[in-house]
Amino acid sequence: MQRIEDTKSRIKKGYVGKAFSEINHYLEPIESGVAAAIALKVTFDKVFSYKDKANLLISVSDSIGTAIEQEAQMQFYENNCPGLLAVLKKNYWHNTTGTRQKYVIIKTLMQRYEVPQWTIWGRANRVKLGTWLLDCIIHSSNWFTIDKRRLGKKTDNYIVPTPEFIEKKDELMATAELFSPIAYPMLIEPNDWSEDRPGGYLLNEVMRGHDMVRRGTPRIQGETPINFLNKIQKVGFCINSFTYDVATTLMEKGRQVGKFVPIVEYDLPPKPVDIAENEQSRQEYRRNAAETMNLNAASFKKSCRTRMTMEAAKLFKDKKEFFIPWSFDYRGRAYPIPAFLTPQDTDFGKSLLSFSEPAYLTPYAEEWLAFSVATTYGLDKEPIHKRMEWVHNNKHLITAIAEDPLGCLPEWEAADEPWQFLAACDEYYHCLIKCDRDYTSLPVAVDATCSGIQVLAGLFRDRSAASLVNVLPGEKPADAYAVVAKHAKPNCPLSIQPFLDRKVVKRVVMTVPYNARPYSNRGYIRDALKEKKVEIDKDDLTATVNAVRASMEEVLPGPMAGMRWIESEVAKVIKKGATKLEWVTPSGFVVVQKLNKKTTERLTLKLLGTVKINVATKDSDEVDLLHHKSATSPNLIHSLDSSLLHLATLRFDAPIALIHDSVLCRATDMSSLSEIVRETYMNIFAEDSYIESWAQQIGAETKPPIIGDLRPESVTESTYFFC
């Protein structure tokens, strides 16, 4: 940039020669930074290309000049017809494969309209301009040089990296690999966390790349949360060879199943026989070929997660055991630090995991393996005995899937969680049908029922709400979504009543405890109805949302009143001058909620006329009252369901994994874990009134609206509290 600026400065003083004066007017409209960036990018692309002779001097120079002309041409269109350019970008750029195709599309379409047309520079001028910019790079950086190579009677000039560049590149790559590794699981137990020592990866003590509490204000945490974090880091895992082998085969076949998305290659169309002499055939072929390349590019993008997961599984498939380092978010929720091969992965990613330490089968384990098969298939709302019956009646299906997963692909890919269902079928088959395995290492998962309402029902002692989310015992799983839908239906527009069911209201009921507003409720209900192919107008949608929220007020009085009280008290505290909220959970985790408004910078863009946008940059000193009001109820819920798992995990003496409000363990241990979780809930909400303690901690002015008709100790008898 500096060299380009110096040359432009000398032009004004008349100190440059005729050669540069010829190309200066081409470079004039391009900012020096833009020209430098384009020239450097093209040089790197050409010098390190795998294509033969891509780094010929003439090729590099021509490519730089061409890229500069294309940038200038886009600026020309932007200045002369910004509206048309914006429309063409919106309609045609999204599905293109790269920069060149975008340029060709805009150039071609612009020629169809009566707008000022671009005057082509010509190759000679492009090469002159590109050669001058290449000279700037060579003399400014000392990273590239000209290498003359003689072949027979011909001498060619090539652009090659200098020894100085190679040395710098090696140094940078070594540093990058040391301090920016891909976050994979570990082959040895992670370091313990403590208040004065970073844990997790061994190198974390040096690089300090991972904090014990993510995005949180540093606070001394209690002994219990830290012991919890260190305990779950010592749980060993290994790759499930059965699901890995099936995935490898499907990857080769390009067959998608659920969240498993391999690369699907679309063949280019055959060239017409008259492509050489028929212009129309040639254009049609190019258009069809471009569409196919766009499909392949989109397929490559969609498959990214699957490809990276398979690459990680390949690295660890032969390892006897590996471990996962964990950390907290500022509410106390535990998250794995690695991006792959964790219990919080997709359905496919989770199916690749087994506990490295197996457990011998017991009668209870047989029931929990059957539970896992039925639940992952999609029977999670059925009573336990119905799930057991389904497994008993479908042993032939389980056997077929375990023995020939590829041949039975249509049967298992239809499951709600196809990959975990596949893993469960394999485990059940070998343990209980073929009986050639007397141990189990499959992670079996149980989930809380609408955990937000479970927590709020416990806080405000609301028996009616608790009964709808399985806090209280019952013969079959309670369904809060169905109850809300039934209550709301008579108050909905007549045209919507036939379609209003649990699926339509589910996301609203799930998210209201996390302070979802009517506006987002509208989107959830509209989308759910659209899946049923039902269109709803604006007024009917408003009436439906109001009916659903009013129904929640009736059937969930404690949680709804409690959330309003929390919002009101938080507003009072902030208005009195508090800059943050802070509370300690039952496990001793210190939550610090500091939410300030963002500072903004105004940018002016010359596209479609003048467009002004505000860009948030960093936190200001002004407390964000509205954010505190909306965030406190969700954060309190998250901190309490996290605290529940902290305390329960420390009482559990077997391998365990966590997904926020879900726990996973071996089938042999699930009965014990379920009992511990229920007892821990009872202890948190029955021994004292935590919401009153919380109110004192934040400085609330009024007492919480506790209904008081719930005995939380009843949860110990609930079959479906976690199911």
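I am working from a predicted model, in which local features need pLDDT of at least 70 and side-chain atom pairs count only at pLDDT 80 or more, while totals for chains, interfaces and linings use all residues. Residues are numbered from 1 along each chain as its sequence is written, and side-chain values use heavy atoms, with hydrogens and water left out.

**Entry on the loops.** I looked up Arg461 and found its phi near 50°, a positive value in a residue other than glycine. Arg461 sits in the loop between helix H20 (451–459) and helix H21 (463–468), helices being DSSP runs of H or I with at least four residues, numbered from the N terminus. With a relative accessible area of 19%, Arg461 is buried (under 20% relative accessible area, with exposed meaning over 50%, 1.4 Å probe, protein chains only). I then turned to Lys533, which is not a glycine and yet has a positive phi of about 65°. Lys533 lies in the loop between helix H24 (518–531) and helix H25 (538–555), and its relative accessibility of 76% makes it exposed.

**Entry on the helix pair.** I noted that H4 (residues 57–80) and H6 (residues 99–110) pack at an angle of about 45°, with their axes, lines fitted to C-alpha atoms over the stretch in contact, 11 Å apart. For the contact (heavy atoms within 4.5 Å), I listed Gln70, Gln73, Met74 and Tyr77 in H4, which meet Arg100, Tyr103, Ile106, Lys107 and Met110 in H6.

Technical notes. Helices (H or I, at least four residues) and strands (E, at least two) are DSSP runs, numbered from the N terminus. Axes are lines fitted to C-alpha atoms, for helices over the stretch in contact, and angles run from 0 to 180 degrees between N-to-C directions.
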